[in-house]
Structure formats: C-alpha cells, structure tokens
Amino acid sequence: MDKYKVRNNVRKLRFHNNELTQEQLAEKVGVTRQTIIAIEGGKYAPSLELAFKIALVFGVPLQDVFSYEPEGDEK
Amino acid sequence: MSYQEKNITVSLVSHLLIGVYYLSQLFQMQQAGGLVAAKVFSLWAIVIVAIIVVNIIGSILTNILLSIVHAIKTRSDQEERFIEDERDNLIGLKGSKVSYITFSIGVLIAMLSFAFGQPPLVMFSLLILSSIVAEIIGDLSQLYLYRKGF
C-alpha cells in the first residue's frame, strides 16, 4: 500500500473566515498556537476529536478541512 | 519558544548540572583511592533527592517566572494560557519512552559490569548515572520533537 498523509486546508479556511489568526483558532479549539502551526505545516496529524472541533469552528464538514492522500501528491 | 519548551529547557539544564556534579564527585572519590561505600551512598541520596526536587520545584518556579515575564511584557493581569494539549502529551510520552529505553540500556551495562567482575558499588553508581543520562536524553528528544513540529 502506498504511503498516505493527512493534508489540510486550515490555512485557507482561516483566511476565508475573516482572517482568523492561529492564536484565535487555537483558543477556540483548546490547544496551543504551536499545535495549530504544526497541523497547518502537515507535521502533526490531529486526533479525530480535535479535527472535528476545527471543522466545527469553520462550520464545514470534516472532509473539507482534512483529506487523506498519497504522500507524493502535492496540490 | 513555547511554555513547554522553556520548562523542558530548565529541566535539561538542571539534569545536566546534577550529572556534572555526580560525575565530578565520583572522579574525586576515584582519585582519592577508590569508591567508599558511605560516601557513595550519601552521594546517591543527594542526587536522587536533587532530581525529584528539581523536577517539582523547577516546574513551579518556571511557571511563576514565565507568568511574571508575561505580565510585564503585556502589562496586563490577564493570565497567559499555559495549557497542555494532545500534542504536548504525545511529545511527553515519546520523551518518556526514549528515557525508558536509555535507562534500560544503562541497567544492562551496569549488570554487565557486575558480571565482568566490577564491585557492586560500581554497578549501582552506573545505575544512578544511567537514570541521569536517561532524563537528559528524554529532555533532548522532547526538545527535538518540539523544534521539528512533532
């Protein structure tokens, strides 16, 4: 099986939500800003619960925020 | 540098200091004619108590100092969010795992030293040393994970 990676649109969604800052998003979902930075950079794959919380903040379904794609596929 | 990274840095520096103190005392004893049981026992007690006290007091003092620095910087009495989230917990667990593996290797080396004819004092001194080294490597691995992102 090919190697897959969790990708995300957090940065784009923040921008489209009144340019929500990383700190504001972190506060809303109850994590540190460093964790949001790690998620946006694709370095950390959040737990399912945190992923749902982030999707709830943006008011979109989970699959609009996170996707599971082969490692090589860069968008 | 995040709050957790500062906390780990304080812990790393104190563990390094304890390690240097422990090794210097052991070398002094060796040069003065070998390990003496009474002196070695008191050294172990000092080192073990120091590690426990440093871990507790160091964490409390870092918290207080960071709160003061935050209050001075922002000139507000609003508390900074010193929260620990799932990523911090995972990094902590990975650090503990690295510490555990290091300590296990240390225990093995200590046992081997005894099996190859070294006195029990050397074996136990190696055990204490491996616990300090395990703490240091655990701290370093956590700092590495924080710097890398995860």
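Buried means under 20% relative accessible area, exposed over 50% and partly exposed in between, with a 1.4 Å probe and protein chains only. I start my notes with this term, then go through the two chains.

**Ground rules**

I note that this is a predicted model, in which local features need pLDDT of at least 70, side-chain atom pairs count only at pLDDT 80 or more, and totals for chains, interfaces and linings use all residues. Residues are numbered from 1 along each chain as its sequence is written, chains are lettered from A and ligands numbered from 1 in the order in which they are written, and side-chain values use heavy atoms, with hydrogens and water left out.

**Entry 1: chain B**

I looked up burial first: 36% of the 150 residues in chain B are buried. Next I listed its elements. Helices (H or I, at least four residues) and strands (E, at least two) are DSSP runs, numbered from the N terminus. Chain B has four helices and zero strands, in the order α-α-α-α from the N terminus. I then checked how spread out the chain is. Its radius of gyration is 19 Å, well over the 15 Å that the globule rule gives for 150 residues, so chain B is more spread out than a compact globule. The radius is taken over C-alpha atoms, and the rule is 2.2 Å times the number of residues to the power 0.38. Along the principal axes, the C-alpha atoms of chain B fill a box of roughly 60 × 30 × 20 Å.

I looked at contacts, meaning heavy atoms within 4.5 Å. Of the contacts in chain B with a separation of 6 or more, 76% are between residues 24 or more positions apart. For the surface, I used accessible areas from the Shrake-Rupley method with a 1.4 Å probe; for residues, only the protein chains shown count as cover. Chain B exposes about 9100 Å², and carbon and sulfur atoms supply 71% of that area.

**Entry 2: chain A**

I repeated the list for chain A. It has five helices and two strands, and the pattern along the sequence is β-α-α-α-α-α-β. The radius of gyration of chain A is 12 Å, close to the 11 Å from the globule rule for 75 residues, so this chain is as compact as a globular protein of that length. Its C-alpha trace spans about 35 × 20 × 20 Å along the principal axes. Buried residues make up 36% of the 75 residues. Among contacts between residues at least 6 apart in sequence, 61% join residues at least 24 apart. The accessible surface of chain A is about 4800 Å², with 49% belonging to carbon and sulfur atoms.

**Entry 3: charges**

I count Lys and Arg as positive and Asp and Glu as negative, leaving out His and the chain ends. A charge is placed at NZ of Lys, CZ of Arg, CG of Asp or CD of Glu. In chain A, the mean positions of the 11 positive and 11 negative charges are 3 Å apart. In chain B, the mean positions of the 10 positive and 10 negative charges are 8 Å apart.

**Entry 4: the core**

Which residues have the most contacts inside the largest nonpolar core? A nonpolar core is a set of buried Ala, Val, Leu, Ile, Met, Phe, Trp, Tyr and Cys residues joined through side-chain atoms within 4.5 Å. The largest one has 38 residues, and A:Val10, A:Ile54, B:Tyr22, B:Val47 and B:Ile132 have the most contacts inside it. At least two residues each come from helices H1 (10–16), H2 (22–29), H3 (33–40) and H4 (48–58) of chain A and from helices H1 (3–31), H2 (37–74) and H4 (120–148) of chain B. H4(B) gives the largest share, seven residues.

I followed up B:Tyr22. Leaving aside neighbours within four places in sequence, B:Tyr22 is in contact with B:Leu43, B:Trp44, B:Val47, B:Ser125, B:Ile128, B:Leu129 and B:Ile132.

**Entry 5: single residues**

B:Gln142 lies in helix H4 of chain B. Is this residue buried or exposed? B:Gln142 is buried, at 15% relative accessible area. Not counting residues up to four places away in sequence, B:Gln142 touches B:Ile8, B:Ile91, B:Gly92 and B:Gly95.

Most residues other than glycine have a negative phi. I found A:Asn18 with a positive phi near 55°, in the loop between H1 and H2 of chain A. A:Asn18 is exposed, at 76% relative accessible area. A:Glu19 has a positive phi of about 50° and is found in the loop between H1 and H2 of chain A. A:Glu19 is exposed, at 54%.

A:Glu23 is in helix H2 of chain A and counts as partly exposed at 36% relative accessibility. The C-alpha atoms of A:Glu23 and A:Ile36 are separated by 8.2 Å, with the two residues 13 apart along the chain.
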